Amino acid sequence: ILMYIIPIFLFFVLLEKTYAWYFKKEPFKQMDLISSLSAGFSNSIKDALGIVFVIVSYGFMVSKLAIFEIKSTPLLYIAAFVILDFYGYCTHRLAHSINFFWNKHAIHHSSEEFNLACALRQPVAQFVNLFTFILLPAAILGIPAQVVAIVTPIHFFLQFWYHTVHIGKLGFLEKIIVTPSHHRVHHAINPIYLDKNHGQIFIIWDKLFGTFQEELDEVPPVYGITRPMKTWNPIRINFKHLTLLIQDAIHTKSWKNKWLIWFKPTGWRPDDVIEKYPVEKIKDPYQFDKYETSSSPLLMVWLWIQVAVTLIFMYYLFANLADIGKPHIFIYGGFLILQIFAYSELMDGSKQAFGWDVLKLMTGVLILFYFAGWFGASGIYASLVLSYLLLSAGVTYYFTFLDKNRQLVKVSEA
């Protein structure tokens, strides 16, 4: 399904960006857009490879706990959708409430803009699914696993449309479903908006459990997270919060806090660590500089080429998963993550970008040598891959060390 849905998402992302630029005269922030797309690519690769461990699967719970045997009907799919949405509310709220669980969700909030591309910022850092037990009522009722499997992607894709600032309040619908207005509140770092509106399709759960906040005309939302990531690299963003938790657990002198830090509310740090290892935190959402890096027109052309090449590599993987087979699909997936990491470092202006691209070149050459081609493709296709790898290393060297035209984009004040 990823092969069909990705082009649709890309079309609407670019359509929204074009509309905002042409009609609203908003700047086309290409770095942020490429970072969001790259996060979406990373998540899609992980999903395609199935790199996740489920402690207790829904299918297992149904087989052991179902009281009834229910046949598939339209009403059953509706019931499954509602139960799945409540499950989504619970897991979403937990991700905002507990330090350890925030790591998998921080990527989604990391953009300091709010647009359809933000919806693509999904985690690669979630390797274990701990929350299937929340679907226990559905399992006891005997809702088949096949029904849940069909409803789940539909439920997920329906969360795409409300990531936009270009749709206002929607009248009566505001009382029932999650709207762009509701979700703007959720992504905002204004104190009054923090950790509100966790609903995914129905806003009713937030109103029932006290986490609802209406968007206020006098409080325009400011987007991002209160401890800004300061990077375009989606792989770094995925693990930055976890890295901080590990460092804090090591640095604190309290053995009690070394344990508690993982389960404390999101953002909590031991007092001795706060004093000795301060971390930047936004105190006034209206007075901070959004993250920007130096750029040039030629660099942006090259970055879009990298995005296009990554998409081509991805589609080859998706189209040939069965033929490539295990464990080789994981080698391919690792190469793609390295590809994204390398050009993301270039976006950040890191001097290490060339080193990462050389590592990508070496990895690609080893793959070509080992498979006598590119995962089943040989001849001219393998030659094209090698040519691209060599070109990428050369161009990255130029932009890392020789480009004199890169200029810091004017920093915008929130």
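**Pocket and cavity linings**

A: In the second largest pocket, α9 (180-187) and α11 (234-251) each supply at least two lining residues. Helices here are DSSP runs of H or I with at least four residues, numbered from the N terminus. This is a predicted model, where local features need pLDDT of at least 70, side-chain atom pairs count only at pLDDT 80 or more, and totals for chains, interfaces and linings use all residues. Residues are numbered from 1 along each chain as its sequence is written, and side-chain values use heavy atoms, without hydrogens and water.

Q: Which element gives the largest share of that pocket's lining?

A: α11, with five residues.

Q: And how much space lies in the second largest pocket?

A: About 540 Å³. Of its 26 lining residues, W102, I225, T226, R227 and T266 are the closest to the centre. A pocket is an open set of points on a 1 Å grid over the protein atoms alone, with protein on both sides within 12 Å along at least five of seven lines; lining residues have an atom within 4 Å of a point.

Q: Polar or nonpolar?

A: The lining divides into ten nonpolar, eleven polar and five charged residues.

Q: Switching to cavities: how many of 30 Å³ or more?

A: One. The largest cavity has a volume of about 40 Å³. A cavity is a set of grid points where a 1.4 Å probe fits but cannot get out.

Q: What lines the largest cavity?

A: A80, I83, L84, L135, A138, I143, V148 and V151. By class that is eight nonpolar, no polar and no charged residues.

Conventions. Points joined across faces, edges and corners; volume = space filled by probe spheres on them. Nonpolar A, V, L, I, M, F, W, Y, C, P; charged D, E, K, R; others polar.
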